[in-house]
Amino acid sequence: MPFSNSSELSPSFTLASLPGLGAAQSWMAVPLCSAYVLAVLANGAVLLVVRAEPSLHAPMYFFLCMLAAIDLALATATVPRILCFYWFGSREISFAACLLQMFLIHTLSAVESTVLLAMAVDRYVAICHPLRHAAILTNGATAKVGLLAVARGVLFFLPLPLLLLPLPFCGSRALSHSFCLHQDVMNLACANTTPSVVYGLTAILLVMGLDAVLICLSYLLILKAVLRLAAWRERLKVFSTCIAHICVVLAFYVPLIGLSVVHRFGKDLAPLVHIIMGNIYILVPAVLNPIIYGVRTKQIQRRILSLI
């Protein structure tokens with residue numbers, strides 16, 4: 001029988017586990033736990049280094065701190081719960097907890113997308129209008145961008161769980177990922193989900209889609225300015241300041257696009273593909289972002305070595 005989302009029936013969902021492994025899946029959680037610990041240590045180190053190093057008190061590194069905080073929050077909202085059912089067999093997640101986790105994942109992803117766009121604008125102003133950079137991107141303006149990014153993510157993605165709240169669910173409650181995503185939960189509803197489908201797609205396009213277009217536009221303008229330089233050595237030197245940000249953008253958008261493609265066209269794919277793509281989407285940016293900037297920034301390297 002269908003059940004409603006009432007407190008009396010207390011609906012819950014079953015998180016996806018690695019198929020065909022049985023008791024051995026507890027060992028497969030070790031790499032996941034290792035990646036999470038690495039993400040926590042690396043992003044925590046970035047936050048400590050930028051705070052302790054006065055030479056890094058600049059908009060570019062404040063944006064990097066925002067990325068580190070977002071990645072920490074996103075990984076912490078998902079990975080500990082995944083480890084609980086891998087190690088302790090707790091695969092059930094309540095409806096309320098699932099909606100909260102879904103809201104955090106989508107909101108934090110939107111905030112990260114906005115911060116990446118702000119970092120692209122920072123690179124554009126620094127390269128194309130260097131004399132105005134300090135006046136445009138002040139510390140106060142950077143803080144306002146951070147607040148705007150959070151407000152934008154909350155406003156656009158708060159309706160997602162609210163649209164799912166009144167829906168009845170029936171039949172299978174097994175999710176295709178180890179955590180809750182809007183499209184995954186929505187597909188389990190036994191009612192008309194057109195409003196959720198339309199709004200979810202609109203929110204994605206107006207946030208992540210628009211941000212991706214504006215980031216590409218920023219780099220087209222940067223490339224145009226770089227090509228005006230006479231010497232190839234000068235061109236490479238200027239454009240090299242963007243390499244770290246380009247890598248971080250790819251680390252965020254490639255898993256996001258991959259996960260979207262799997263949801264849209266991967267209904268016949270093995271369950272393992274959905275689980276792996278979901279874990280990549282959560283952990284790859286959190287692990288790679290601090291490593292990329294740590295390799296590209298000598299001040300961060302020196303400070304981390306001194307801490308060690």
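Biologist: What handedness does the link of Cys98 and Cys180 have?
Modeller: This is a predicted model. In it, the angle about the S-S bond joining Cys98 and Cys180 is -120°. That link is left-handed.

Biologist: How many residues apart are Cys98 and Cys180?
Modeller: The pair links distant parts of the chain. Cys98 lies in helix H3 (residues 95–128), and Cys180 lies in the loop between helix H6 (159–164) and helix H7 (182–186).

Biologist: Is Cys180 buried or exposed?
Modeller: Buried means under 20% relative accessible area. The relative accessibility of Cys180 is 0%, so Cys180 counts as buried.

Biologist: Which cysteine forms a disulfide with Cys170?
Modeller: A disulfide is a covalent bond between the sulfur atoms of two cysteines. Cys170 is in the loop between H6 and H7, and its partner is in the loop between H7 and H8, 20 residues apart. The two sulfur atoms are 2.5 Å apart, and the partner is Cys190.

Biologist: Why is the sulfur of Cys84 too far for a bond?
Modeller: A disulfide needs two cysteine sulfur atoms within 2.5 Å. The closest cysteine sulfur to that of Cys84 is in Cys33, and this is too far for a bond because the distance is 11 Å.

Biologist: Which helix holds Leu214, a residue of the nonpolar surface patch?
Modeller: The patch is formed by Leu210, Leu214, Leu217, Leu220 and Leu221, with about 410 Å² of accessible area together. Leu214 has 31% relative accessibility and counts as partly exposed. Its place is within residues 194–227, which form helix H8.

Terms used
Residues are numbered from 1 along each chain as its sequence is written. This is a predicted model: local features need pLDDT of at least 70, side-chain atom pairs count only at pLDDT 80 or more; totals for chains, interfaces and linings use all residues. Side-chain values use heavy atoms; hydrogens and water are left out. Patches are made of residues with over 30% relative accessible area and no salt bridge: like charges are joined within 9 Å, nonpolar side chains (Val, Leu, Ile, Met, Phe, Trp, Tyr) within 5 Å. Accessible areas come from the Shrake-Rupley method with a 1.4 Å probe; for residues, only the protein chains shown count as cover. A salt bridge is a side-chain nitrogen of Lys or Arg within 4 Å of a carboxyl oxygen of Asp or Glu. Helices (H or I, at least four residues) and strands (E, at least two) are DSSP runs, numbered from the N terminus. Buried means under 20% relative accessible area, exposed over 50%, partly exposed in between (1.4 Å probe, protein chains only).
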